[in-house]
Amino acid sequence: PSARLGEMSISSRISRLAAIDGADHVLILRMEDIRWLTGFTGGTAQLLVRRSTHEAWLLVDGRYFERATDEIVSSRASVHIERVVPDVSTDEMIARIVGTSSLAVDPTHVTAHFMTVLQGHCSVVHERNQLDDLRRVKDDSEISLIASAAGIADNAFASLVSDGLFGKTEKQIRNRLDHLMREAGADDVAFDTIVATGPLGARPHHEPSDATVEDGHGVVIDFGAMVHGYKSDMTRTIRVGAVSAEYQRMFELVIEAEAAGIASVTAGISGSAVDAAARAVFLREGVDHEYVHGTGHGIGLYIHEQPILSPRCTAVLGVNEVVTVEPGLYRGGVGGVRIEDLVVVTGDSCRILTHTPKDLTCPRSPRTI
């Protein structure tokens, strides 16, 4: 994609936030939320929105002022850029804009200290800012960026597997894959890459170690790329050499469960129903106790966004939501299997954004496949 966030992509976002009933002003503190609303990509800022007029003020210090000016001009967001100067504190600047009006602050996004400081200057109202919900449905530019990140991850992984995994350590595989994604155009990795070989695969969020891939191992690799802030997420399990019949059966069940989960993803389905579709395969086989996490999650500027596809999820999927489907089985002393794809809801079905084959094997030698 040629643009990070086009005019049509963000022109209405501040207005959508302002239109939600609540306090006179809303203070936005999470950088991903600020990026989504304005196009500003710096590391530190505060965004203040006045609901009645849909006006917005981006507060940045001297390190980011020029960058903010360029990016706001590029995004064409209707935002006033205010430079934070050393002799005036951020809370004082906020108070000057807010005056005697009320200020909404999401208490989960602010430290207790800063909340106390703000309360000394303003009439502060605790209010969930609802941006998690607003960001759920993606526009075309967002889907394009996520798809680009997924394509980079696909290509990097193909190179990784073609080089072979046998005899390499988890850390070596992680380092190689991360390098390949950056070389292919990723701005960064989407999250800390997971590589878990053999029995270590029974730990869903295992951190790569010096453990070596051996003949008969299953290697769980969970990874993603980031492009202009937007992230991809994919997991594949590679069987190296001849795996045991027990492990092969685990693999087949996860493949079946993932296919059932993806087939269930449609507009109007609840997150719990998607989870149930995948989980039913494990319940049928009496191995559901080895499925220790939910079936998926939303993704975008955050790696884990709403909705969280779990048995408790009442959220209903809508067109252009992007979610993962990632069932897995984890058996102590044997290993783990997880298969994960990234899909965008299209209506009565979904479109898969991750295209790496699922039924992958590697030879039990360093030779190229």
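**Close-up views of a predicted model**

By the rule used here (a side-chain nitrogen of Lys or Arg within 4 Å of a carboxyl oxygen of Asp or Glu), the count comes to 29 salt bridges. This is a predicted model, where local features need pLDDT of at least 70, side-chain atom pairs count only at pLDDT 80 or more, and totals for chains, interfaces and linings use all residues. Residues are numbered from 1 along each chain as its sequence is written, and side-chain values use heavy atoms, with hydrogens and water left out.

**View 1. A salt bridge between D132 and R30.** Here the two side chains meet at 2.7 Å, N to O. The pair ties together distant parts of the chain, 102 residues apart: D132 belongs to helix α7 (residues 131–134), while R30 sits in the loop between β1 (25–28) and α3 (31–38). Helices (H or I, at least four residues) and strands (E, at least two) are DSSP runs, numbered from the N terminus.

**View 2. Helices α8 and α9 cross at roughly 135°.** The axes of α8 (residues 140–162) and α9 (residues 170–183) come within 9 Å; axes are lines fitted to C-alpha atoms, for helices over the stretch in contact, and angles run from 0 to 180 degrees between N-to-C directions. The two helices are therefore oblique to each other, given that angles under 35 degrees count as roughly parallel, over 145 as roughly antiparallel, 65 to 115 as roughly perpendicular and the rest as oblique. Look for I152, A153, A156, F157, S159 and L160 of α8 meeting I173, R176, L177, L180 and M181 of α9, where contact means heavy atoms within 4.5 Å.

**View 3. Helices α10 and α11 pack at an angle of about 150°.** With their axes 7 Å apart, α10 (residues 245–264) and α11 (residues 271–285) make another helix pair to look at. They are therefore roughly antiparallel to each other. On the α10 side, the contact uses R249, L253, V254, E256, A257, A260, G261 and S264; on the α11 side, V274, A277, A278, V281, F282, R284 and E285.

**View 4. A cis peptide bond joins Q306 and P307.** Omega is about 0° at this bond. P307 lies in strand β14 (residues 305–309).

**View 5. R76 has a positive phi.** The value is about 60°, although R76 is not a glycine. You'll find R76 in the loop between α4 (65–75) and β4 (80–84).

View 6. The protein's mean pLDDT (the predictor's confidence in each residue, from 0 to 100) is 94, and 96% of its residues reach 70 or more. Where pLDDT is low, the predicted coordinates should not be read in detail.
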